[in-house]
Amino acid sequence: MIELRQVCKTFETGAKDKSVHAVRDVSLTIADGEIFGIIGFSGAGKSTLVRCINLLERPTSGSVNIDGQDLTKLSEKELRAARKKIGMIFQHFNLMNSRTVFENVAYPLLGAKMTREEKRSKVMELLEIVGLSDKEKAYPSQLSGGQKQRVAIARALANDPKVLLCDEATSALDPQTTEDILKLLRELNAKLGLTIVLITHEMAVVKQVCTRVAVMENGYVVEEGSIYDVFSDPKQPITRRFIRTTTHIQGMEDMLANDPKALGLLPGDVVVRYDCSGDKTSQASVSRISREYGVDISIIFGNVEMLLGTPFGTMIVVFRGKDGPVKEALAAFEKTASRVEVICRV
Amino acid sequence: MFEMLKPIAPNFVKTYPEFVKAFFDTLEMVGTAAAVSALFGIFFGVVLVVTAPGGIMENKWINAILDKVINVFRAIPFVILIALLLPLTRMVMGTAIGTKGAIFPLVVATVPFFSRQIHSALCEVDKGVIEAAQAMGSSPWEIVFRVYLREGLGGMIRGATITVVNLITLSAMAGCVGGGGLGDYAIRYGFQRKMTDVTIVTCIVLLILVTIIQSLGNVLSTKKH
């Protein structure tokens with residue numbers, strides 16, 4: 001279990017009153033076996049925060065507990081031993097170009113009390129897991145980005161860590177490769193019970209693998225919760241912005257704001273956003289309410305996401321009819337949804 | 001071959017035994033000075049990198065002092081350095097003249113130069129790789145030997161090549177103070193006795209020497225390490 005308590009990290013830039021507060025008063029608890037996402041725009045402090053977990057950045061104040069051990073209180077030597085049990089992968093892979101794939105994966109085992117054969121079988125086992133058994137003699141420069149990240153993952157797992165920190169691990173990869181790497185991370189999580197902390201600026205990444213997520217802005221964690229809760233009911237404006245980037249709903253809302261006529265809307269129409277979770281059957285309620293209240297309801301946008309195996313739907317619908325019935329229909333509509341938001345009245 | 005050279009370079013043929021001795025003197029001076037400078041240069045270069053701000057063994061004072069000392073020594077012209085070092089050379093080497101007397105000032109002049117070459121080669125090592133090694137629990141010394149000196153090897157060899165070529169140039173200058181070697185040979189016969197053929201042959205020999213060293217350096221530095 002990883003526990004961050006009131007972690008702050010301030011960088012002194014030298015100039016007076018010009019210190020940079022990269023991380024401010026962050027307290028997080030990450031349970032064993034979780035895939036925990038930390039999302040934020042660049043400069044939000046998420047990279048600094050993840051570096052505070054293995055003390056690559058020493059927090060200015062606060063404590064970092066991993067399995068009850070406060071890393072900030074360890075000696076340099078004890079810290080190095082603790083770090084061997086915390087794997088880390090990076091955006092730019094950070095492999096050693098002068099070493100082959102095999103030697104890169106074997107690096108963390110240098111100096112370990114293992115025979116040459118034991119090391120060899122360990123490295124080959126790791127390469128097998130990441131699907132690169134045939135590349136042991138290749139140099140990093142001969143590999144694609146996705147393959148490099150696989151080597152980096154194998155290297156990070158060499159000392160059988162319980163935790164894997166991923167610092168923008170998929171940000172330099174194309175969408176297909178990103179998906180493959182995320183799939184591998186999910187497998188490792190399931191197979192080895194690995195706790196994964198994943199830093200990213202892409203909501204799509206969080207959506208695909210994380211069980212819980214924290215949203216960072218200006219060094220603060222502004223929102224935190226299960227992926228389902230955060231997606232279905234975002235509290236902070238920044239969280240909504242992130243979610244919009246993955247649902248295409250942003251484009252629809254822009255269209256509504258700029259050119260409602262193009263969508264064939266008439267004066268008096270009410271445009272409503274409707275969110276619902278898996279067990280509620282949205283289609284049936286649309287036609288039922290339409291009939292009951294004598295109101296035309298048309299769906300102009302629809303999207304369904306799978307979050308931790310539960311479907312989550314978003315629709316934009318237009319109510320057309322007399323003021324009174326529309327009001328009543330809206331009230332009835334609200335009862336069937338997780339959330340209903342009137343976007344605009346034309 | 002000698003008969004063939006006689007009409008075009010008569011003086012060179014006449015002084016051939018001197019040339020051979022001078023050639024090996026140059027090799028001795030350059031070889032010894034290079035070996036000693038390599039040790040100190042790598043050491044100081046590494047110290048400069050690891051003690052730099054944000055380095056793995058950050059130390060403001062050591063870094064600032066070493067940086068300044070290197071600059072001071074690099075600013076002194078070699079001919080003046082030889083004169084300045086005379087008493088010290090006599091103390092360390094037992095003599096201030098001849099090949100032996102030239103080696104000490106050569107080392108003093110080359111160490112700062114090579115330290116800078118090592119420094120810039122090691123600065124090229126990806127900071128991310130250093131960070132990865134730290135994250136894997138490597139100690140600072142392990143990072144020096146297993147990461148810096150390995151990842152930076154190509155750049156270090158390129159720096160060493162430049163340094164050795166530079167050493168050959170300096171060793172010729174050591175001839176001015178009775179240092180021996182090819183520079184001394186070319187000045188005594190080629191310049192002072194106006195035996196132009198001696199100067200030309202010496203130049204060609206030095207050119208070949210430099211070319212060989214540079215090619216060797218190029219091959220070694222581009223090899224996969």
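Into which domains is chain A divided?

1. Domains of chain A. This is a predicted model, and the remarks should be read with that in mind. Chain A has a domain 1 that covers 2-245 and a domain 2 that covers 257-345. Taken over C-alpha atoms, the centres of domain 1 and domain 2 of chain A are separated by 40 Å.

2. Contact between the domains. On the side of domain 1 of chain A, seven residues are in contact with nine residues of domain 2 of chain A. Helix H8 (residues 227-232) of chain A gives the most to this side of domain 1, namely four residues. By class, the side of domain 1 of chain A that touches domain 2 of chain A has three nonpolar, two polar and two charged residues.

3. Chain A as a whole. The secondary structure of chain A consists of 12 helices and 14 strands. Along the principal axes, the C-alpha atoms of chain A fill a box of roughly 80 × 55 × 35 Å. Chain A has 346 residues, and 40% of them count as buried. Among the contacts in chain A with a separation of 6 or more, 68% are between residues 24 or more positions apart.

4. A:Leu49. Is this residue of chain A buried or exposed? A:Leu49 has 26 C-beta neighbours inside 10 Å and therefore counts as buried. A:Leu49 lies in helix H1 (residues 46-53) of chain A. Apart from neighbours within four places in sequence, A:Leu49 is in contact with A:Val23, A:Val26, A:Ile38 and A:Met216. A further pair to look at is A:Leu49 and A:Val7, which are 42 residues apart along the chain and have C-alpha atoms separated by 8.3 Å.

5. Helices H4 and H5 of chain A. Helix H4 (residues 116-130) of chain A and helix H5 (residues 145-156) of chain A cross at roughly 135°, and their axes come within 9 Å. With that angle, H4(A) is oblique to H5(A). The crossing in which H4(A) passes H5(A) is right-handed. H4(A) brings A:Leu126, A:Leu127, A:Ile129 and A:Val130 to the contact, and H5(A) brings A:Arg150, A:Ile153 and A:Ala154. By class, the contact of H4(A) with H5(A) has six nonpolar residues, no polar residues and one charged residue.

6. Positive phi at A:Asp25. Phi of A:Asp25 is near 50°, which is a positive value in a residue other than glycine. A:Asp25 belongs to strand S2 (residues 20-30) of chain A. A:Asp25 counts as partly exposed because 14 C-beta neighbours lie inside 10 Å.

7. Positive phi at A:Glu168. A:Glu168 is not a glycine either, yet has a positive phi of about 50°. Where in chain A is A:Glu168 found? A:Glu168 is in the loop between strand S7 (163-167) and helix H6 (175-192) of chain A. A:Glu168 is buried, because 20 other C-beta atoms lie within 10 Å, and a residue is buried if the count is 20 or more.

8. Contact between chains A and B. How many residues does the contact take from chain A and from chain B? Chain A gives 17 residues and chain B gives 17 residues. On the side of chain A that touches chain B, helix H2 (residues 76-83) of chain A supplies the largest share, three residues. This side of chain A has nine nonpolar, five polar and three charged residues.

9. Helices H3 and H9 of chain B. Helix H3 (residues 16-51) of chain B packs with helix H9 (residues 153-174) of chain B at an angle of about 135°, and their axes are 10 Å apart. H3(B) and H9(B) are therefore oblique to each other. H3(B) passes H9(B) in a crossing that is right-handed. In this contact, H3(B) takes part with B:Thr26, B:Met29, B:Val30, B:Ala33, B:Ala34 and B:Ala38, and H9(B) with B:Ala160, B:Val164, B:Leu167, B:Ile168, B:Ser171 and B:Ala174. The residues in the contact of H3(B) with H9(B) are 10 nonpolar and two polar, with no charged residues.

How values were computed. Residues are numbered from 1 along each chain as its sequence is written. Chains are lettered from A and ligands numbered from 1 in the order in which they are written. This is a predicted model: local features need pLDDT of at least 70, side-chain atom pairs count only at pLDDT 80 or more; totals for chains, interfaces and linings use all residues. Two residues are in contact if their C-beta atoms, placed from the backbone, lie within 7 Å. Helices (H or I, at least four residues) and strands (E, at least two) are DSSP runs, numbered from the N terminus. Ala, Val, Leu, Ile, Met, Phe, Trp, Tyr, Cys and Pro count as nonpolar, Asp, Glu, Lys and Arg as charged, and the others, Gly among them, as polar. Axes are lines fitted to C-alpha atoms, for helices over the stretch in contact, and angles run from 0 to 180 degrees between N-to-C directions. Angles under 35 degrees count as roughly parallel, over 145 as roughly antiparallel, 65 to 115 as roughly perpendicular and the rest as oblique. A crossing is left-handed if the near helix is turned anticlockwise from the far one by less than a right angle, and right-handed if clockwise. Domain bounds come from an automatic or database domain assignment. A residue is buried if 20 or more other C-beta atoms lie within 10 Å of its own, exposed if 12 or fewer, and partly exposed in between; C-beta atoms are placed from the backbone.
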